[in-house]
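Good morning, everyone. Please have the picture ready on your screens.

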Amino acid sequence: SVVTESGLDVTTEFDRGAALALALCQQQGIRFALLKEGSPSCGSGRIYNGRFEGVSVAGEGKTTALLRRHGIAVFSEDQLPELASALALAACGSV
């Protein structure tokens, strides 16, 4: 679940945002996504621990998880070389 610092549960809103992102990717034929690391929706390798301490833990955000479950490759700003390689392979028809 996703809860704000004041204790408000916003899981439904995050799930809806993830579903909208997936729908857009599917409509546009998007196969690769570059999302912000650390976010509870977009983190691809680490997310904040939810205690508002600025501490991150291994994990993926809700949007990242949903996109990956549907075959969309998700990269963070820390993975630009990997994304460039994946795009180059896709352009050559290897992916």
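Find Lys62, which sits in helix H2. Keep in mind that what you see is a predicted model.

Is Lys62 buried or partly exposed? Its relative accessible area is 26%. Buried means under 20%, and exposed means over 50%. So Lys62 counts as partly exposed.

What does Lys62 touch, once residues up to four places away in sequence are set aside? The list is Val2, Thr11, Phe14, Asp15, Ala18, Pro40 and Ser41. Pick out Asp15 from that list. The side chains of Lys62 and Asp15 are joined by a polar contact of 3.0 Å. Now look at Ala21. Along the chain, Ala21 and Lys62 are 41 residues apart. Their C-alpha atoms are separated by 11 Å.

Leave aside the neighbours within four places in sequence. Thr63 is then in contact with Gly17, Ala18, Ala21, Leu35 and Ser41. Ala18 and Ser41 are also among the residues that Lys62 touches.

Now take helix H2 as a whole. It runs over residues 62-69. Which of its residues are buried? They are Thr63, Thr64, Ala65, Leu66 and Leu67. And what covers them? The cover includes helix H1, at 11-28, strand S1, at 32-34, and strand S4, at 73-75. After H2 comes Gly71. The phi of Gly71 is positive, near 85°.

Next stop, a loop residue. Where is Ser39? Look in the loop between S1 and strand S2, with S2 at 46-48. Ser39 has a relative accessible area of 18%. The cut-off for buried is under 20%. So Ser39 is buried.

Look at the side chain of Ser39. One of its polar atoms lies 3.0 Å from the backbone nitrogen of Ser41. For the backbone nitrogen of Cys42, the distance to a polar atom of that side chain is 3.0 Å too. Beyond four places in sequence, Ser39 touches Ile47 and Gly61.

The largest pocket has a volume of about 290 Å³. Its lining has 14 residues, and the closest to the centre are Ser1, Val2, Pro40, Tyr48 and Gly50. Two of those names, Val2 and Pro40, came up as contacts of Lys62. What classes of residue make up the lining? Eight are nonpolar, four are polar and two are charged.

Last, step back to the whole chain. How many helices and strands does the chain have? There are three helices and four strands. Their order along the sequence is α-β-β-β-α-β-α. The C-alpha trace spans about 50 × 25 × 15 Å along its principal axes.

The chain has 95 residues, and 32% of them are buried. As for the surface, the chain exposes about 5900 Å². Carbon and sulfur atoms supply 56% of that area.

Methods
Residues numbered from 1 in each chain as written. Predicted model: local features only at pLDDT ≥ 70, side-chain atom pairs only at ≥ 80, totals over all residues. Heavy atoms only, no water. Buried < 20%, exposed > 50% of the residue type's maximum accessible area, 1.4 Å probe, protein only. Helix = DSSP H or I, 4+ residues; strand = E, 2+ residues; numbered from the N terminus. Contact = heavy atoms within 4.5 Å. Polar contact = N/O pair within 3.5 Å; in protein donor to acceptor, adjacent residues only side chain to side chain. 1 Å grid on protein atoms, 1.4 Å probe; cavity = no way out; pocket = protein on both sides within 12 Å on 5 of 7 lines; lining within 4 Å. Points joined across faces, edges and corners; volume = space filled by probe spheres on them. Nonpolar A, V, L, I, M, F, W, Y, C, P; charged D, E, K, R; others polar. Areas by Shrake-Rupley, 256 points an atom, 1.4 Å probe, with all protein chains shown as cover.
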